Amino acid sequence: MGCSDSDYAYLRQLVLAESANLIDPSRNALFETRLTPIARMAGASTLEDFVSLLRVDRTPQLHRAVAEAMTINETSFFRDGKPFDVLRDTILPNLIEHNAAQRRLRIWSAASSTGQEAYSLAMLLCEHFSELTGWDVKIVGTDISRQVIEYAQRGRYRRMEVNRGLPVRMLVKYLVRDGDEWEVTPDLRAMCSFQYANLCAPLPKLPVFDLVMLRNVLLYFPQQDRSCVFSDVYRQMVPDGYLMLGAAEQAEDSTNLFQAEFAKDCYFYRPTPAS
Ligand SMILES: C[S@@+](CC[C@H](N)C(=O)[O-])C[C@H]1O[C@@H](n2cnc3c(N)ncnc32)[C@H](O)[C@@H]1O
C-alpha cells in the first residue's frame, strides 16, 4: 500500500490527538502493517484510500481504532526485575503497615497492556504477603487499547510470553497449562480487573490508589501530555502513596507533585504533601 508524506503526517497527527503517542517518521512503515486490517474492514483497499476516508469520515470509533492499532504493547512478567524487588522489600511492607487498620489495598497498573504487570503484582502479593489474607485487595489494569484489555482479561499466555521473566516455580504455581497456553489461576484473576482508560483524556471513575505503576508509556508522550498525566495520577493517589515509572522515565517535569526516592538502584516517587 504506502501513501504520501502528507498522508503519513496526517496519520501521525491523528494518533497524537487521539492517544498522545508520538510516532517518529522513521516508523512510517508501521502504519501499513498495523492499519491494513482496519482499512480493509472500512472498505479501503490501499492506505492512501484509507487516509482519504479518515479525512472525511470523522466517526470517533474509526479514529480511535487507528490510534489503538498504533500502540506499542511490549511488556513481560516482572519486567525489569528490580522494581519488583523494591516493591517486595520496601514499598509493599510500608503500605501494608500503613493500611493495617483499614485492611485495604488498591493498585493501579496504568497502561497495563496484555496484563503481565498486573498479574506479576498479584503473584508478588500472594507469594510474600500472607498477612493480606482477608484484606480487600484490588489491582486495576487500564489501557487505551481494547485489544490488549481483552487479552489481559482472558489471562491466557503463550509459551513465548511465560518464558519471559516468569520464574518456572511461579509459572507452575500461578498458571495452569492448557494445550499451548498457560492460564492464570482463578485466585489471581479475582484480584485483577482490566478496563479502558485513555491517560490523556478525562479518566473514568477509578478508585484512589495506594500504588500506581505507570511504566513505559510516558516515553511515547510529548512533555505537555506527560505533565497532564502526572497531575491526573497525583489526584488519583492517596497522599502517602507510591508511584513507579519505567526505567527510562522520570517525573522530571512534575517535581512539584512528586518527590523521588531511591532504593536498590531504582527510583520511585511519593506525592509531595499538599501545602
Ligand atoms: C510499552 S506498553 C507498557 C506496558 C507495561 N506498563 C509495562 O511496563 O510492561 C505501553 C502501553 O501503553 C498503552 N498506551 C499508550 N498510550 C496510551 C494512552 N494515551 N492511555 C492509556 N494507555 C496508553 C499502550 O496501549 C500499551 O499497552
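This briefing covers the domains, the ligand shell and the nonpolar cores of the structure above. The model is predicted, so that local features need pLDDT of at least 70 and side-chain atom pairs count only at pLDDT 80 or more, while totals for chains, interfaces and linings use all residues. Residues are numbered from 1 along each chain as its sequence is written.

**Domains**
- The chain is divided into domain 1 (5–69) and domain 2 (82–271), with bounds that come from an automatic or database domain assignment.
- The centres of the two domains, taken over C-alpha atoms, are 30 Å apart.
- Five residues from domain 1 and 10 residues from domain 2 make up their contact, where contact requires C-beta atoms, placed from the backbone, within 7 Å.

**Ligand shell**
- There are 23 residues around the ligand, and Thr-71, Thr-75, Ala-111, Ser-113 and Asn-216 come nearest; a residue is near if its C-beta atom, placed from the backbone, lies within 6 Å.
- Domain 1 (5–69) and domain 2 (82–271) each supply at least three residues of this shell.

**Nonpolar cores**
- The largest nonpolar core has 60 residues, and Ala-122, Val-212, Leu-214 and Leu-243 have the most contacts inside it; such a core is a set of buried Ala, Val, Leu, Ile, Met, Phe, Trp, Tyr and Cys residues joined through C-beta atoms within 7 Å, buried meaning that 20 or more other C-beta atoms lie within 10 Å of a residue's own.
- A second, separate core has 17 residues, including Leu-14, Val-15, Phe-31 and Val-66.
- Leaving aside residues up to four places away in sequence, Leu-214 touches Ala-110, Ala-111, Val-233, Leu-243 and Leu-245.

Note on methods
Contact = placed C-beta atoms within 7 Å. Buried ≥ 20, exposed ≤ 12 C-beta atoms within 10 Å, placed from the backbone.
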